[in-house]
Amino acid sequence: QVQLVESGGGLVQAGGSLRLSCVASGLTFKTVTMGWFRQVPGKERESIAAINYNGAITYYADSVRGRFTISRDNAKNSVYLQMNNLKPEDTAVYYCAADRRGYSYRNYGSSGAYDSWGQGTQVTVSS
């Protein structure tokens, strides 16, 4: 079965950086698009970034473009999210997701395109 395990969250001051990691198992990682999402209690899950199977295509939400960088290492079945210049409004639970069906090419930011999800990691940015 597919398993996605996020790590790297924590508490950081505004302006600081964090690097999230997601290790995948139970799927052919090098063939799937991976995405990062975040969610604040009471709000809808928000798309943050996505990267296609070979890293040639990346997508970023306007809210994080220029501050966050998504990358992947297919040899390690891992996807990363480097988050710089963090702001209090970045506080959320961050999830990685996998699109095994190839639906995300139509809209990398659509959560419905992703069929597998991790358990999430909390990121808290203090002001």
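This is a predicted model: local features need pLDDT of at least 70, side-chain atom pairs count only at pLDDT 80 or more; totals for chains, interfaces and linings use all residues.
Strands β4 and β5 run antiparallel and are joined by five bridges; two strands count as paired if DSSP finds at least two bridges between them. Strands here are DSSP runs of E of at least two residues, numbered from the N terminus. Within this pair, F37 stands opposite S47 in β5. The hairpin of β4 and β5 has six residues between the strands, and G42 takes a positive phi near 85° there.

Residues are numbered from 1 along each chain as its sequence is written, and side-chain values use heavy atoms, with hydrogens and water left out.

Let me return to β4. Its other partner in my account is β9: seven bridges join β4 to β9, and the two run antiparallel. In that pairing R38 stands opposite Y94 in β9. Six of the seven residues of β4 are buried, so the strand is largely enclosed by the rest of the structure. By buried I mean under 20% relative accessible area, by exposed over 50%, and by partly exposed anything in between, computed with a 1.4 Å probe on protein chains only.

I turn now to the charged residues. A search of the whole structure finds six salt bridges, where a salt bridge is a side-chain nitrogen of Lys or Arg within 4 Å of a carboxyl oxygen of Asp or Glu. Which residues are linked in a network of salt bridges? They are R38, E46, R67 and D90.

Consider R38 in particular. R38 forms a salt bridge with E46, with the closest N and O atoms 2.8 Å apart. R38 counts as buried at 6% relative accessibility, whereas E46, at 30%, counts as partly exposed. R38 also forms a salt bridge with D90, and here the closest N and O atoms are 2.9 Å apart. Because D90 lies in the loop between β8 (78-83) and β9 (92-99) and R38 in strand β4 (residues 33-39), the pair ties together parts that are 52 residues apart in sequence. D90 is itself buried, with a relative accessible area of 0%.

A further salt bridge brings together the side chains of R101 and D115, at 3.9 Å from N to O. Both R101 and D115 lie in the loop between β9 and β10 (116-117), 14 residues apart, and the pair links distant parts of the chain. R101 is partly exposed at 44% relative accessibility, and D115 is partly exposed at 25%.

Next, strand β8, which holds Y80. Is Y80 buried or exposed? Y80 is buried, with a relative accessible area of 11%. Leaving aside neighbours within four places in sequence, Y80 is in contact, that is, has heavy atoms within 4.5 Å, with residues including R19, L20, W36, T69 and D73. The C-alpha atoms of Y80 and E6 are separated by 9.2 Å, although the two residues are 74 residues apart along the chain.

Finally, A56. Where is A56 found? A56 is in the loop between β5 (46-51) and β6 (58-60). A56 is exposed, with a relative accessible area of 63%. Its C-alpha atom is separated by 9.9 Å from that of S71, 15 residues apart along the chain.

Key:
Helices (H or I, at least four residues) and strands (E, at least two) are DSSP runs, numbered from the N terminus.
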